Amino acid sequence: MIRFTIEDRTGDRQELDIPEGINLSLMEVLKASDYNILATCGGMALCATCHVQVLGASGP
């Protein structure tokens, strides 16, 4: 499993676990997890409503 800690603009945090090899983008995972992200163009890089910032990473 891959664990993400999602922090929104207000500082609220949410843990999200997804299986390895799921073959989805981070935007698709967030949308499928009912996370409040617009992504109005569906990930085509046209609208800029799904921008995220990676604050850190850990793992092997």
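Let's take contact to mean heavy atoms within 4.5 Å. With neighbours within four places in sequence set aside, Tyr-35 is in contact with Ile-6, Glu-7, Asp-8, Gln-14 and Leu-30. Keep in mind that this is a predicted model, in which local features need pLDDT of at least 70 and side-chain atom pairs count only at pLDDT 80 or more, while totals for chains, interfaces and linings use all residues. Residues are numbered from 1 along each chain as its sequence is written, and side-chain values use heavy atoms, with hydrogens and water left out.

The largest nonpolar core has seven residues in all: Ile-6, Leu-16, Ile-18, Val-29, Leu-30, Tyr-35 and Ile-37. A nonpolar core here is a set of buried Ala, Val, Leu, Ile, Met, Phe, Trp, Tyr and Cys residues joined through side-chain atoms within 4.5 Å; buried means under 20% relative accessible area, exposed over 50%, and partly exposed in between (1.4 Å probe, protein chains only). Strand 2 and helix 1 (26-32) are the elements that give two or more residues to this core. Helices (H or I, at least four residues) and strands (E, at least two) are DSSP runs, numbered from the N terminus. As a general matter, nonpolar side chains tend to be buried together in soluble globular proteins.

Now for the charged side chains. How many salt bridges does a search of the whole structure find? It turns up three, a salt bridge being a side-chain nitrogen of Lys or Arg within 4 Å of a carboxyl oxygen of Asp or Glu.

Start with Arg-3, which pairs with Glu-15 at 3.6 Å, N to O. Arg-3 sits in strand 1 (residues 2-7) and Glu-15 in strand 2 (residues 13-18), so this pair ties together parts that are 12 residues apart in sequence. Arg-3 also forms a salt bridge with Asp-17, where the closest N and O atoms are 2.8 Å apart. Again strand 1 is linked to strand 2, so here the parts tied together are 14 residues apart in sequence. Arg-3 counts as exposed at 56% relative accessibility, whereas Glu-15 is partly exposed at 46% and Asp-17 is partly exposed at 36%.

The remaining salt bridge joins Arg-13 and Glu-7, with closest N and O atoms 3.1 Å apart. Arg-13 is exposed at 63% relative accessibility, and Glu-7 is partly exposed at 38%. Shared partners, meanwhile, join Arg-3, Glu-15 and Asp-17 into one network of salt bridges.
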